[in-house]
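Q: I am new to this structure and would like to learn how to read its features. Could you walk me through them one by one?

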Amino acid sequence: MEQARTTISKIFNGEPRSYTRFNLTQNMEGDNSHVEMKLSADLDEEVGGNGVGETHQPNGVHGPYALRKTGRSPMNICFLVSATLLIFIIGYLIGYLVHRKKEEVALSCKLADLPLSPPSVVQRETGAAPLMDWADVKSLLAEQLSADKLEQQGNHASHRAGSLGDEALANKVLSRFKAYSMHPWSDEHFVRVQEPDARKPNQVTFKGVTEKQTGFLSYSATGNVTGAILYAYYGRMDDFEMLKDFNMLLSGRVVLVKAGKISFADKVANAARWNVSAVLIYGDTDINELYGHVHLGSGDPYSPGFPSFNHTRFAAVQSSGLPSILAQTISWKLAERIIGSLEGHLPPNKWRDVIRLGDNDVVTVEVNNVLVEKKIHNILGVIKGLVDPDRYIILGAQRDAWGTGFAKSTVGTSVLVELARSISTMVKHGGFRPRRSIVFASWSAGDYGNVGSTEWLEGYLASLSMKAFSYISLDGVVTGSDKFNASASHLLQSLVKRTMKEVSSNQTSLQPMQMSDAAFPFLAFSGIPSISFRFTGTSDYPYLDTPLDTKEQLSKATSYQVTKLALDAAQVAGQMTLRLVHDYLLSFDLQGYDQLITVYTADITRKVLMLQKVREPSPMLPKEVTPEWLQGATGSFSRAMSDLMVFIRESELHDPEMCREINDRLMQVERNLLSPYVSPRDSPFRHIFIGSGQHTFKAIVDQLEAFRLQNSVVDVDTFKTELALATWTLQGCANSLAGDVWSLDNEI
């Protein structure tokens with residue numbers, strides 16, 4: 001009642017309303033892009049939000065109805081009417097304060113910080129049971145996750161993709177999903193992969209001695225070449241450039257590189273740029289079998305952009321990511337023999353173990369891989385949401401491996417199945433009611449380049465559009481115990497950091513997502529905000545993609561903490577998943593992309609202006625090339641983001657339809673960063689910030705830098721086209737974020 005009196009006093013005494021202060025400061029140099037919004041603390045207690053506080057209420061009743069034949073004086077009538085009105089207002093305010101009390105919200109540009117599920121207040125929504133307090137959700141997950149059950153999930157025998165072992169494991173996952181009432185289904189594909197020819201093995205000849213190699217690299221070019229050997233460290237572009245700086249002849253050479261740092265496919269692609277003839281890759285001490293693939297892409301490279309359903313080949317093309325040179329893994333013993341017998345000299349500081357190899361030492365490489373077709377099965381199951389069941393997050397893990405693949409696939413598959421069991425139990429018996437659905441996926445042919453998951457994406461791309469809102473990869477989640485590394489869409493990086501603070505004390509490091517990452521095709525090909533993460537050591541776990549990737553080796557690498565770390569990984573993935581299906585609004589942080597866009601725009605603007613000043617009056621880049629449109633698109637995105645924050649603040653978040661409208665606008669951001677102007681066959685990774693190709697902002701920046709270094713005239717028409725297409729992709733994203741077409745303007 002005292003609160004009601006205070007509010008009435010505010011209405012009649014004319015106390016000033018709360019205010020909203022918005023300040024957007026953009027530094028086009030990319031230093032500090034800051035967005036700030038503040039709301040006064042008494043906003044939720046003031047009635048002005050529904051208009052009452054803004055309207056002057058009359059003290060009496062005027063007009064023809066004031067003097068009826070009632071037998072009472074006009075003064076009495078005015079008194080009665082005023083008293084009645086006052087009682088009505090008091091009753092209304094009491095009801096308002098009792099039934100409409102909301103938690104105070106301090107709005108920022110991070111959606112993750114919004115109180116999307118009010119604590120201590122049970123709210124009922126159409127089609128959903130009462131919301132559970134988030135602290136209770138976390139406690140329930142921790143109670144359900146079981147170390148014993150994780151142990152029971154592990155220790156799989158050899159299960160190469162498409163093998164009987166892979167099929168047996170698929171059936172095991174399927175039966176678990178059935179037991180958890182997850183309505184599982186199998187997704188079948190017929191894919192082409194390279195395997196060694198059993199009758200004609202791959203081999204390497206050095207100084208007259210030929211050694212057959214049991215390891216292999218799928219999708220290598222085939223044939224045999226002979227060339228002088230040259231050591232190239234890890235095969236990174238910087239390594240090849242340093243060799244070039246030392247006047248080393250690269251063309252026609254066979255290069256020897258170490259495993260690690262970058263993917264096998266990247267090593268071979270880098271070598272091919274320098275016109276070498278073959279690449280030999282070796283691992284650490286005692287590793288004599290090393291497996292992998294060298295397709296610079298994902299999925300079946302013989303049906304790029306199309307699914308491999310029912311032996312169907314939609315187009316007679318090959319992926320542009322297939323290498324044109326030979327690639328083969330070799331044993332540590334052979335690598336040691338090659339290095340030990342060659343001449344060397346003091347290494348440059350950058351390479352502690354570099355050895356300059358002599359021109360007289362030649363190696364012959366013979367690769368006889370054969371192309372085979374395999375039938376693979378992805379196994380999927382679902383826990384359906386109760387408010388928006390057609391909106392879902394996907395948790396996935398690679399199931400296959402060259403050998404036992406304990407760190408590569410066994411731990412991730414175990415975490416996947418344990419999370420499925422735990423969350424389904426939470427729903428059945430714990431009172432948890434997810435708003436949105438959770439899809440659990442066990443992928444096959446991951447070792448050949450995320451083939452199973454990519455074929456699924458290609459097959460159901462239209463169905464997934466505007467329905468799948470996030471993907472979390474569980475591949476290789478434990479390879480060490482010292483650090484926590486994660487790669488994520490800019491929309492989800494805040495969620496990753498916040499979750500890690502609640503789960504583990506390990507130092508968190510956010511890294512750019514690489515093409516070899518299992519989450520990469522979801523983000524860069526399909527535009528689904530994605531996350532991958534792992535607990536890792538100070539040095540790389542050396543046994544991935546080898547027969548030595550066993551439980552014993554991983555236990556040693558983690559100081560015998562595999563089960564604890566797997567539980568921590570389950571907690572990280574589980575909490576992020578539950579947060580995304582529990583809260584009113586998706587925990588997407590738009591500010592991450594806003595800052596990234598601002599940095600790129602500042603860099604491009606600076607480089608364009610610099611090139612226009614070089615060699616005046618005939619500059620390298622003519623004045624007609626302007627970054628103004630890009631600057632306008634950047635501003636459009638920032639304004640759309642800010643307007644959405646205001647719209648959220650003024651919206652009724654207890655209304656399921658309102659939440660769905662807001663979430664759909666958030667979900668469109670990542671998808672609308674896929675360039676609509678490139679072919680998914682030629683450039684499947686169409687994301688303008690994360691993808692690869694000339695359509696990306698990185699390519700535009702690199703092109704400007706190349707023009708500067710080479711001091712050559714720019715191909716103006718090509719550059720203008722690429723810049724215009726990237727700009728309009730960004731503008732389209734901003735327009736979609738802004739809402740309906742009547743909310744837009746045509747100013748850029």
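Q: Let me start with two helices: how are α18 and α20 oriented relative to each other?
A: Helices α18 and α20 are roughly antiparallel, because an angle over 145 degrees counts as such. Please keep in mind that this is a predicted model. In general, two packed helices are described by the angle between their axes and the distance between the axes. Here helix α18 (residues 656–671) packs with α20 at about 175°, and the two axes are 8 Å apart.

Q: Which residues in α18 and α20 meet?
A: From α18 come Arg665, Gln668 and Val669, and they meet Cys733, Ser736, Leu737 and Ala738 in α20.

Q: What span should helix α20 have, and what does its end-to-end distance say?
A: The idea is to count 1.5 Å a residue and compare with the distance between the end C-alpha atoms. Helix α20 covers residues 716–738, so its 23 residues should span 33 Å, and the end C-alpha atoms are 32 Å apart, which agrees. Just after α20 comes Gly739, with a positive phi of about 120°.

Q: What share of the contacts joins residues at least 24 apart?
A: Taking contacts between residues at least 6 apart in sequence, 80% join residues at least 24 apart.

Q: What is the strand order in the open sheet of 8 strands?
A: As a general idea, strands of a sheet pair through backbone hydrogen bonds, either parallel or antiparallel. In this sheet the order is β3-β13-β15-β14-β16-β19-β17-β18, and the pairing is mixed. Its edge strands, each pairing on one side only, are β3 (185–195) and β18 (507–510). From one strand to the next, the twist averages 25°.

Q: Which helix packs on the sheet, touching β3, β13 and β15?
A: That is helix α5 (residues 164–179), whose direction makes about 10° with that of β13 (370–383); the β15 it touches spans 436–443. Another helix, α12 (residues 493–503), lies across β17 (483–488), β18 and β19 and runs at about 160° to β17.

Q: Is strand β16 largely enclosed or largely open to the outside?
A: Strand β16 (residues 468–473) has 6 of its 6 residues buried, so it is largely enclosed by the rest of the structure. Strand β14 (residues 388–398) runs parallel to β16, joined by 5 bridges, and Ile394 stands opposite Tyr471 in β16.

Q: How many bridges pair β16 with β19?
A: Strands β16 and β19 (residues 530–536) pair over 3 bridges in the parallel sense. Tyr471 has Ser530 as its bridge partner in β19, while Ser473 stands opposite Ser532. In β19, 6 of the 7 residues are buried, so this strand is largely enclosed too.

Q: In which sense do β17 and β19 run, parallel or antiparallel?
A: They run antiparallel, with 6 bridges joining them. Ser532 in β19 is the bridge partner of Ser487.

Q: What is the order of the open sheet of 7 strands?
A: The order is β5-β4-β12-β7-β8-β9-β11, again with mixed pairing. At the edges are β5 (209–212) and β11 (326–329), each pairing on one side only. Ignoring direction, neighbouring strands of this sheet are turned by 30° against each other on average.

Conventions. Residues numbered from 1 in each chain as written. Predicted model: local features only at pLDDT ≥ 70, side-chain atom pairs only at ≥ 80, totals over all residues. Heavy atoms only, no water. Helix = DSSP H or I, 4+ residues; strand = E, 2+ residues; numbered from the N terminus. Expected span 1.5 Å × (residues − 1). Buried < 20%, exposed > 50% of the residue type's maximum accessible area, 1.4 Å probe, protein only. Pairing = 2+ DSSP bridges. Contact = heavy atoms within 4.5 Å. Axes fitted to C-alpha atoms, helices over the stretch in contact; angles between N-to-C directions. Parallel < 35°, antiparallel > 145°, perpendicular 65-115°, else oblique.
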